[in-house]
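Colleague: Could we go through this model together before I set anything up? I'll jump around a bit.

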Amino acid sequence: MTFPELTTERLQLVEVKVEHAPALFKNFSNQKLLQYYGSEPMTEVGQAEKLVHHFNSSYEAKRGIRWAILLKDEQHFVGTIGLNLLSMGMKRAEIGYEIHPGYWRSGITSEALQAVLTYSFKELGLHRMGAVTFLENSASIGLLEKFGFQKEGILRSYLRQGGKSYDAQLFLVAYGMDLS
């Protein structure tokens with residue numbers, strides 16, 4: 001089974017590998033990045049290596065796909081994007097992403113999201129894509145709405161971070177909805 005690599009104007013989306021663990025650690029130990037992620041900060045690179053293995057085993061089990069987002073010209077790792085809770089039988093998944101704060105508002109996440117949505121609907125034949133955000137994550141909410149995601153409901157006490165539970169907003173975009 002060959003991992004699906006995606007290419008855009010500025011990006012290469014490739015399989016997350018152990019060689020990406022130091023950059024992955026840099027992202028997942030960054031408090032600013034994790035503010036709305038629902039995860040505690042990593043404290044050692046070994047945790048990033050375990051996350052890489054988790055991404056790979058999810059792909060092998062056909063439960064998810066996680067891409068490393070690389071700047072095409074430099075092959076520089078800036079974040080990840082991928083499908084969680086992938087169900088080919090039910091034709092659905094949830095999308096998730098994180099990008100280093102140094103690249104926020106650069107259009108990189110939009111570019112990667114467009115590529116993954118197109119792949120998911122056209123190549124995988126999915127019909128429903130969900131996304132879950134913290135209620136306060138206005139940047140991610142704005143990005144999802146830009147791509148036609150609609151608010152579907154509130155998930156009470158759905159996310160945990162810093163020893164506290166938080167409500168989350170569930171978004172949905174379905175095949176055939178405007179993705180521009």
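**Around T133**

Modeller: Let me begin with T133, which, once its neighbours within four places in sequence are left aside, is in contact with S140, I141, L144, L159, A168, Q169 and F171. Please keep in mind throughout that this is a predicted model.

Colleague: Which element is T133 in, and is T133 buried or exposed?

Modeller: T133 belongs to strand 6, and with a relative accessible area of 4% T133 counts as buried, because the cut-off for buried is under 20%.

Colleague: OK, zooming out. In what order do the strands of the sheet run?

Modeller: Eight strands make up an open sheet, and their order is 1-2-3-4-5-6-8-7, with mixed pairing. Strand 1 (6-7) and strand 7 are the edge strands, and each has a single partner strand, so one side of each has no neighbour in the sheet.

Colleague: How do strand 7 and strand 8 pair, and over how many bridges?

Modeller: Strand 7, covering residues 150-161, and strand 8, covering residues 164-174, pair in the antiparallel sense over eight bridges. Within that pairing, L159 has Y166 of strand 8 as its bridge partner, while L155 stands opposite A168, also in strand 8.

Colleague: And what's in the turn there?

Modeller: The two strands form a hairpin with two residues between them, and G162 in the turn has a positive phi of about 60°.

Colleague: Which non-glycine residues have a positive phi?

Modeller: Q75 is one of them, with a positive phi of about 55°, and K91 is another, with a positive phi of about 60°. Q75 sits in the loop between strand 3 and strand 4, whereas K91 is placed in the loop between strand 4 and strand 5. As for accessibility, Q75 is partly exposed with a relative accessible area of 44%, and K91 also counts as partly exposed, at 32% relative accessibility.

Colleague: Switching to pockets. What volume does the largest pocket have, and which residues lie nearest its centre?

Modeller: The volume of the largest pocket is about 1300 Å³. Its lining has 45 residues, and those nearest the centre are Y37, G96, Y97, E98 and S140.

Colleague: Then the packing. Which members of the largest nonpolar core touch the most other members?

Modeller: That core has 36 residues, and the members touching the most others are W67, I81, L83, I95, M129 and F149. Among the elements that give two or more residues to this core are strand 3 (65-71), strand 4 (76-87), strand 6 (128-134) and helix 5 (138-146). Helix 4 gives the most to the core, with eight residues. There is also a second, separate core of 16 residues, which includes L33, L34, V52 and F77.

Colleague: Last one: where does G38 lie, and what does G38 touch?

Modeller: G38 is in the loop between helix 2 (31-34) and helix 3. Not counting residues up to four places away in sequence, G38 touches F134, R160 and Q161. The C-alpha atoms of G38 and S165 are separated by 9.4 Å, although the two residues are 127 residues apart along the chain.

Colleague: Is G38 buried or exposed, or in between?

Modeller: In between, because a relative accessibility of 30% makes G38 count as partly exposed.

Conventions:
Residues are numbered from 1 along each chain as its sequence is written. This is a predicted model: local features need pLDDT of at least 70, side-chain atom pairs count only at pLDDT 80 or more; totals for chains, interfaces and linings use all residues. Side-chain values use heavy atoms; hydrogens and water are left out. On a 1 Å grid over the protein atoms alone, a cavity is a set of points where a 1.4 Å probe fits but cannot get out, and a pocket is an open set with protein on both sides within 12 Å along at least five of seven lines; lining residues have an atom within 4 Å of a point. Grid points are joined across faces, edges and corners, and a volume is the space filled by probe spheres set on the points. Two strands pair if DSSP finds at least two bridges between them. Helices (H or I, at least four residues) and strands (E, at least two) are DSSP runs, numbered from the N terminus. A nonpolar core is a set of buried Ala, Val, Leu, Ile, Met, Phe, Trp, Tyr and Cys residues joined through side-chain atoms within 4.5 Å. Buried means under 20% relative accessible area, exposed over 50%, partly exposed in between (1.4 Å probe, protein chains only). Contact means heavy atoms within 4.5 Å.
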